[in-house]
Amino acid sequence: MEGSQSSQGNTTPTAESTFGKYHIIIKSVIIFVLLLVFIIPQVIINGLISEREYNQEQAFTDIASKWSGRQTIGGPMIVVPYLEYYRDTAKVMRAVKHHLYILPDQLNVDGTILPEKRHRNIYEVVVYNSKLRINAQFEGKELKEAIANKGNLLWNEATIVMGISDMRGIKEKLEVKFDDQMLSFNPGVPAGDLFSSGANAGLKIDSAENFIAQKHELSIEMELKGSEKLFIVPVGKTTSMKLRSSWNTPAFNGQFLPEKTSIDNSGFLAEWKVLHLNRNYPQVFTDANYNVSYSEFGVDLLMPIDGYQKTSRSVKYAMMIILLTFIVFFLVEITQQKKIHPFNYIIVGFALCLFYTLLLSFSEYMRFSLAYLLASIMTVGSISYFIYYLFKGTRVFAAIGGMLTLLYGFMFVIIQLENYALLIGSLGLFLVMFLIMNYTRKIDWYNIGKKQ
């Protein structure tokens with residue numbers, strides 16, 4: 001009787017062994033739930049980054065509204081109105097005015113950009129003054145072919161037109177030397193179908209026959225203010241442009257890249273050459289039958305550091321760092337037989353999320369690399385301090401502190417190596433997975449918690 005009771009007692013699991021059997025499952029579920037919960041702060045941080053980016057864009061808009069916006073120059077070109085007659089349904093003869101656009105055979109632009117930094121609250125925006133010398137040539141042959149099939153041309157209303165996207169940027173009186181004539185520009189364009197804003201100068205033509213039989217040369221010197229961007233439209237049959245500046249972080253954008261570039265700490269020099277065969281509109285056309293603005297090209301003056309973009313990229317790795325930290329906690333709990341309360345997981349998880357708000361706020365006042373270093377030291381230091389007193393031992397403290405230091409260093413490398421981020425990140429995660437597999441391969445998960 002006693003033997004049977006003793007045998008039955010030996011087969012009944014004790015409370016301690018029952019806790020060991022279900023402890024892994026319970027803690028795994030808790031960690032999984034916490035990982036889902038920590039998605040919320042990451043969403044909030046991404047929203048905060050978007051809000052700060054919006055504020056920066058508003059600062060740019062505010063400064064540009066008082067200085068001058070992004071500039072695009074189109075022209076010069078000759079515009080000649082002409083009348084086209086038709087009969088309406090009532091057999092009444094009516095006239096419709098059209099505009100004939102004649103583009104130059106040669107267009108050469110030589111410019112110097114003088115950048116400045118302006119501040120609005122904590123935000124920094126780049127604006128510029130520019131000095132441009134524009135030379136153009138109109139061949140008599142091109143003019144003759146342009147009017148071959150056009151009657152009723154109004155030569156007394158012919159003008160030279162320059163498209164300028166923001167007229168507030170004009171600093172001095174704008175004049176054009178056309179052959180031996182010095183003409184003054186007036187605001188506005190004869191027809192708003194090609195350019196929304198710009199300037200025009202009336203041509204003085206005594207004889208249309210003599211005008212179309214000659215070669216004409218045109219030159220303009222202008223000082224133009226703008227913000228961030230200076231583009232031109234390649235209206236010449238051959239368009240050449242040379243730009244220089246003391247700004248050393250340019251971005252050459254638009255439909256055409258420069259043939260030659262030189263960038264160093266003292267600034268940049270860029271040269272473009274575009275042929276009429278490289279774009280999709282002819283040298284002569286009527287009204288707005290073609291969209292010439294699509295072919296614009298030029299330079300953007302970029303700010304040296306975009307902390308918001310890099311911070312946003314670093315947030316993408318937040319879940320990886322939280323997951324790996326929780327895995328290390330869990331392995332310490334299993335191998336060292338030390339129970340960690342879920343509240344401690346929560347505290348460490350929020351500390352890891354706070355790293356990104358520190359990084360975001362610091363990067364608005366200093367270089368991103370320095371902001372990253374400062375935020376990393378504060379985060380790793382505070383968590384290591386918490387771990388040291390939680391486990392009362394140097395081994396766990398050193399292991400977790402070293403792991404976080406490596407993770408943040410690895411993440412910084414990925415952010416800097418933008419072109420190789422996927423490759424380096426994949427290799428790094430594979431190495432971490434291999435180390436975890438190697439460390440846990442000898443753990444007998446079914447016998448954890450049982451007394452030997």
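Biologist: Which helices each supply at least two residues of the nonpolar patch?

Modeller: Please note that this is a predicted model. Helices α2 (15-37) and α3 (39-66) each supply at least two residues of the nonpolar patch. The patch covers about 920 Å² of surface and is made by I25, V29, F32, V33, L36, V37, I39, I40, V43 and I44. Helix α2 gives the most to the patch, with 6 residues; F32 is found in that helix.

Biologist: How is the packing of two helices described?

Modeller: Two packed helices are described by the angle between their axes and the distance between those axes. In this model, helix α6 (residues 307-315) and helix α8 (residues 342-363) pack at an angle of about 170°, and their axes are 9 Å apart. Angles over 145 degrees count as roughly antiparallel, so α6 is roughly antiparallel to α8.

Biologist: Which residues of α6 and α8 meet?

Modeller: From α6, G307, Y308, T311, S314 and V315 meet Y356, L359, L360 and S363 of α8. By class, this contact has 5 nonpolar, 4 polar and no charged residues.

Biologist: Where in the chain do R52 and E364 lie?

Modeller: R52 is in helix α3, whereas E364 is in the loop between α8 and α9 (368-391). The pair links distant parts of the chain, 312 residues apart.

Methods
Residues are numbered from 1 along each chain as its sequence is written. This is a predicted model: local features need pLDDT of at least 70, side-chain atom pairs count only at pLDDT 80 or more; totals for chains, interfaces and linings use all residues. Side-chain values use heavy atoms; hydrogens and water are left out. Axes are lines fitted to C-alpha atoms, for helices over the stretch in contact, and angles run from 0 to 180 degrees between N-to-C directions. Helices (H or I, at least four residues) and strands (E, at least two) are DSSP runs, numbered from the N terminus. Angles under 35 degrees count as roughly parallel, over 145 as roughly antiparallel, 65 to 115 as roughly perpendicular and the rest as oblique. Contact means heavy atoms within 4.5 Å. Ala, Val, Leu, Ile, Met, Phe, Trp, Tyr, Cys and Pro count as nonpolar, Asp, Glu, Lys and Arg as charged, and the others, Gly among them, as polar. Patches are made of residues with over 30% relative accessible area and no salt bridge: like charges are joined within 9 Å, nonpolar side chains (Val, Leu, Ile, Met, Phe, Trp, Tyr) within 5 Å. Accessible areas come from the Shrake-Rupley method with a 1.4 Å probe; for residues, only the protein chains shown count as cover. A salt bridge is a side-chain nitrogen of Lys or Arg within 4 Å of a carboxyl oxygen of Asp or Glu.
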